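Please prepare a briefing on the protein chain shown here, written for a reader who is new to structural descriptions.

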Amino acid sequence: VGNEADVRQLLFAEGMLDALKPGTIVAIHSTIAPESCHALSADCASRDIGFLDVPVSGSGRAARSGLLLVLAGGDGNVLLRARPVLSAFAGKILHMGGVGAGMHAKLINNLLSAAQIGLAQVALDLGATLQLDLPVLREGVLAGTGRSYGMEALIRLQRPERAAHIATILEKDVALARHSTWGANGDAKALLCAAEMGVERLRALAKGEGGLLPPDMLEVIAAL
């Protein structure tokens, strides 16, 4: 269930919502438009069914280890009831606010992730122009105040298939943010611009372009 169309297909076209008993909780992990969560919540409420938007952040490894981050939106009492189930795969569950708040937080998180990836690649571009040793530059940045998720993740993203996977996820979320109620906000525009640049850089890496790490370092990536 990767997007809103999938969610609606499951809940409505395939009859899941009609089959649920009153008191059940529908928890949406897919990243969808925050505004859509309000409509889905109303549909659930009319059937006396609880609703939570609970997008997650983290890797498959984190999920298997029970260490995912859950950003929750919805009624606090409903979240309290759902916590035992969510805790099976989440290391941290944060209640961001009412319905849709979890999705707002997830989009902000992913915009920042995309922006950091793009900026990390730009920083290495500059290092290459200045003829610096790029692995050493990366090590220095990660040990200094310029460290970021983007710089840390960039080595794994040198694998084209991994870059393509992450680009697809972030491109969808950037589009959701752009068309959200706050996408035209001045502060959001700056973050969106940086995130879009990050997605472009990821698409280049997915094509085998723009990789700046030397062959001996790329061999290490295969084991990651």
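This is a predicted model: local features need pLDDT of at least 70, side-chain atom pairs count only at pLDDT 80 or more; totals for chains, interfaces and linings use all residues.

Residues are numbered from 1 along each chain as its sequence is written, and side-chain values use heavy atoms, with hydrogens and water left out.

**The chain as a whole**

- The chain contains 11 helices and 5 strands; helices (H or I, at least four residues) and strands (E, at least two) are DSSP runs, numbered from the N terminus.
- Along the principal axes, the C-alpha atoms fill a box of roughly 65 × 40 × 30 Å.
- Of the 224 residues, 38% count as buried; buried means under 20% relative accessible area, exposed over 50%, and partly exposed in between (1.4 Å probe, protein chains only).
- Carbon and sulfur atoms hold 58% of the accessible surface of about 11500 Å², an area from the Shrake-Rupley method with a 1.4 Å probe, where for residues only the protein chains shown count as cover.
- Among contacts (heavy atoms within 4.5 Å) with a separation of 6 or more, 68% join residues 24 or more positions apart.

- A pocket is defined on a 1 Å grid over the protein atoms alone, as an open set of points where a 1.4 Å probe fits, with protein on both sides within 12 Å along at least five of seven lines; lining residues have an atom within 4 Å of a point.
- The largest pocket holds about 1000 Å³ of space; a volume is the space filled by probe spheres set on the points, which are joined across faces, edges and corners.
- Its lining has 32 residues, and Gly58, Ser59, Arg162, Ile166 and Ile169 lie nearest the centre.
- Helix 9 gives the largest share of this lining, 7 residues.
- By class, the lining of the largest pocket has 12 nonpolar, 12 polar and 8 charged residues; Ala, Val, Leu, Ile, Met, Phe, Trp, Tyr, Cys and Pro count as nonpolar, Asp, Glu, Lys and Arg as charged, and the others, Gly among them, as polar.
- The second largest pocket has a volume of about 170 Å³, and its lining has 10 nonpolar, 2 polar and no charged residues.

**Salt bridges**

- Side chains of opposite charge can pair when their charged atoms come close.
- The count is 7 salt bridges, each being a side-chain nitrogen of Lys or Arg within 4 Å of a carboxyl oxygen of Asp or Glu.
- Arg201 pairs with Asp125, with the closest N and O atoms 2.4 Å apart; this pair links helix 10 (residues 186–206) to helix 6 across 76 residues.
- Glu171 pairs with Arg203 at 2.7 Å between the closest N and O atoms, and this pair links helix 9 to helix 10.
- Lys172 and Asp173 also form a salt bridge (3.1 Å, N to O); Lys172 is partly exposed at 28%, whereas Asp173 is buried at 3%.

**Two selected residues**

- Gly102 lies in helix 6 (residues 101–129) and is buried because its relative accessibility is 0%.
- Beyond its neighbours within four places in sequence, Gly102 is in contact with residues including Asp53, Leu71 and Met96.
- Ser41, in helix 3 (residues 34–45), counts as buried because its relative accessible area is 17%.
- Leaving out neighbours within four places in sequence, Ser41 is in contact with Phe51 and Val99.
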